[in-house]
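This briefing concerns the spaces within a protein model and the surroundings of its ligand. Please consult the sequence and structure below while reading.

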Amino acid sequence: MTGRLSGKQALITGAGRGIGAAIALRFASEGAALLLNDIDAAAVAAIAEECRKDSAAVHVCVADVSDPSAVERLFDEAVAALGGLTVLVNNAGIGGVGKTILDSDLDEWNRMIAVDLTSVFLACRAAVPLMRDTGRGSIINLSSVTGVTGTAGSVPYASAKAGVIGLSKALAKETAHWRINVNAIAPGLIDTEMSRVRGQSSSAADLLWPRIGTPDDIAHLAVYLASDEAEFVTGQVISPNGGAVI
Ligand SMILES: NC(=O)c1ccc[n+]([C@@H]2O[C@H](COP(=O)([O-])OP(=O)(O)OC[C@H]3O[C@@H](n4cnc5c(N)ncnc54)[C@H](O)[C@@H]3O)[C@@H](O)[C@H]2O)c1
């Protein structure tokens, strides 16, 4: 353990698998106290158990981050379990690539916006007063290269992830004077269940960097953004994508 996050109180949403689980494990190994959220109780309990090998303070709150009352409960739990909050990682999300706008219905659009964008608004709105009162905070929001470049067959997902970028930039301007930095991570293709379910894969010949991204590629960046090393970094969109978008 190198302790780059010791003294930090971090809430990570969607920590049951994939990128969120990798962030949870890295944060634990860097000494953060953790509240791990997911909608999948068994998955997040298993990751919490792994994190406890490195960090004594690991708590769990099962909640659907698109539900406003569940998000209130999540932040009550952050205060009760961690005693405050200095780092928020809005990672929970659902994917959706493969349907053109002509095949998309309003219910799918509403669900995507609720889980991938409204949840970020709800969580940031709850986190800012806690961080302001502490005098320091880091918010890290998971966007996607799809939110930057667009991807055919992903109008709802691209819209939600572009919204996360706009939200992050506007919020960074509102919170800088409280020393709360807000940044977006816009990953390229990362090998997780989300990308596998979407049937997205790249042969080595398609890739500029000669391998697909891993959850740890994102977790290492999240550790940096959550640490005091990144205090002067705010309002940025950082895109680990192996050069897929330059
Ligand atoms: N995998 C990629 O290629 C990729 C690329 C760009 C951006 N992202 C973004 O990174 C984030 C993590 O993606 P991943 O690939 O690890 O996905 P994943 O599907 O492997 O994991 C997502 C996690 O979020 C949880 N979750 C889903 N809906 C939830 C809800 N309503 N409330 C609470 N938890 C919920 C799931 O149970 C799961 O544990 C997402 O925001 C995704 O859009 C992923």
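**Second largest pocket**

Helix α4 (residues 106-134) is the main contributor to the lining of the second largest pocket, giving 4 residues; helices (H or I, at least four residues) and strands (E, at least two) are DSSP runs, numbered from the N terminus. The model is predicted: local features need pLDDT of at least 70, side-chain atom pairs count only at pLDDT 80 or more, and totals for chains, interfaces and linings use all residues. Residues are numbered from 1 along each chain as its sequence is written, and side-chain values use heavy atoms, leaving out hydrogens and water.

- The second largest pocket holds about 210 Å³ of space.
- Its lining comprises 14 residues, of which Gly-95, Gly-96, Lys-99, Glu-108 and Met-112 are the closest to the centre.
- By class, 5 nonpolar, 6 polar and 3 charged residues form this lining.

**Ligand shell**

- Around the ligand are 30 residues, and Arg-17, Ile-19, Asp-38, Tyr-157 and Thr-192 come nearest.
- The shell is made up of 13 nonpolar, 11 polar and 6 charged residues.
- The largest share of the shell, 3 residues, is from α7.

- A ligand nitrogen atom lies 2.9 Å from an N or O atom in the side chain of Asp-64.
- A ligand nitrogen atom is 3.5 Å from a polar backbone atom of Ala-63, and a ligand oxygen atom is 2.9 Å from a polar backbone atom of Ile-190.
- On its own the ligand has 830 Å² of accessible area (Shrake-Rupley method, 1.4 Å probe), and the protein covers 96% of that 830 Å².

Technical notes:
1 Å grid on protein atoms, 1.4 Å probe; cavity = no way out; pocket = protein on both sides within 12 Å on 5 of 7 lines; lining within 4 Å. Points joined across faces, edges and corners; volume = space filled by probe spheres on them. Nonpolar A, V, L, I, M, F, W, Y, C, P; charged D, E, K, R; others polar. Near = heavy atom within 4 Å. Polar contact = N/O pair within 3.5 Å; in protein donor to acceptor, adjacent residues only side chain to side chain.
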